[in-house]
Amino acid sequence: MSIAMFTAIKKGYHRWLDRRKARRKALTAKLSHLLHQDSVETKIFAHRGSKSNRPENTLAAFSEAIKVGSDGIELDVHLTKDNQIVVIHDESIDRTTNGTGLIRDLMFKDIRQYSAGAWFDTQYKFEKVPLLSEVLDLLCDLNFTGTLNIEIKTDNFPYFEIEKLTSDLLTSKPYPFSHIYCSFNLESLKRLSEFEPNVDLCYLMSTSDKKIAEGLKADYITSLHPHINWVKKNADKLKKIHKPLRPWTINDDCDLYFAFNHHLAGFMTDYPELANKIKQHYNEKK
């Protein structure tokens, strides 16, 4: 047998083994669901809107998220050169528009020239990078009464006074929905705690035990948003954590079952419609 043939057989075996493990994992999750008798109150947050079937962080994505019954909506904010709060994930517009450049170097009117949806599908070519104020208006128009999770994107660039500008906007008038803030940057959350002492401030992290400890220790941090891999790895310790957990980003159906079975406070997902259907199946048994 040649080395190439042996390698191909080995790869084929590992693919079969991975599929077998995935099926077993799915079956275990579903059996846990059948044995689960408590009501599920875990909140479903649409990650950048309904990101799986709409261009992320656009009005179309947020509209779809509300339509499918999301409990919460997650979005990201940056600051333009002329101090406009825009909703977009990356520090540049390169990936999600047909333009180029860093947001901090561009005027809002220049960013507005580009499509924020054509990269996803031509039917969304007229979607633009929205202002945060436009998203707030949309949520009001659609009678959204859930929770808006605003990620302050200062982990790479420290936008001057983005925390104050964002807080001023969210507290400028009463909204039908509540809001929380999250960030990878503890300093941004510390500043927000000074502007809004009673708001839910959520520390974003990946899988770092050190950062989990930091978030648990900081008295102004009220919730933790770790990566789902950390949560699963530490499943036996979750009941001892005294702050709400809302991991990101849960898209696999087995992870969705995990989140509901462990009564997590909430989670971010690109598939809010699927997550809501599974949640309904849980609560239909009650």
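**Close-up views of a predicted model**

**View 1. Asp90 lies in the loop that connects strand E3 (85-87) with helix H3 (108-111).** Helices (H or I, at least four residues) and strands (E, at least two) are DSSP runs numbered from the N terminus. This is a predicted model, in which local features need pLDDT of at least 70, side-chain atom pairs count only at pLDDT 80 or more, and totals for chains, interfaces and linings use all residues. Residues are numbered from 1 along each chain as its sequence is written, and side-chain values use heavy atoms, with hydrogens and water left out. Asp90 has a relative accessible area of 16% and is therefore buried (under 20% relative accessible area, with a 1.4 Å probe and protein chains only). The side chains of Asp90 and Arg95 are joined by a polar contact of 2.7 Å (a pair of N or O atoms within 3.5 Å; within protein, one must be able to donate a hydrogen and the other to accept it, and residues adjacent in sequence count only if both atoms are side-chain atoms). Leaving aside residues up to four places away in sequence, Asp90 touches His78, Arg95 and Ile103, where contact means heavy atoms within 4.5 Å.

**View 2. Helix H9 (residues 253-261) is largely enclosed by the rest of the structure, because 8 of its 9 residues are buried.** The buried residues of H9 are Cys254, Asp255, Leu256, Tyr257, Phe258, Ala259, Phe260 and Asn261. At the start of H9, the backbone nitrogen of Cys254 has a side-chain oxygen of Asp252 within 2.7 Å. Just after H9, His263 adopts a positive phi of about 50 degrees.

**View 3. The largest cavity has a volume of about 50 Å³.** A cavity is a set of points, on a 1 Å grid over the protein atoms alone, where a 1.4 Å probe fits but cannot get out; lining residues have an atom within 4 Å of a point. The count comes to 1 cavity of 30 Å³ or more. Glu56, Asn57, Thr58, Val87, Ile88, His89, Thr96, Ala116 and Val129 line the largest cavity. By class, this lining comprises 4 nonpolar, 4 polar and 1 charged residues.

**View 4. The chain as a whole contains 10 helices and 8 strands.** Of its 286 residues, 51% are buried. Among contacts in the chain with a separation of 6 or more, 54% are between residues 24 or more positions apart. The chain exposes about 14,500 Å², of which carbon and sulfur atoms supply 53%; accessible areas come from the Shrake-Rupley method with a 1.4 Å probe.

Definitions and conventions
Buried < 20%, exposed > 50% of the residue type's maximum accessible area, 1.4 Å probe, protein only. 1 Å grid on protein atoms, 1.4 Å probe; cavity = no way out; pocket = protein on both sides within 12 Å on 5 of 7 lines; lining within 4 Å. Points joined across faces, edges and corners; volume = space filled by probe spheres on them. Nonpolar A, V, L, I, M, F, W, Y, C, P; charged D, E, K, R; others polar.
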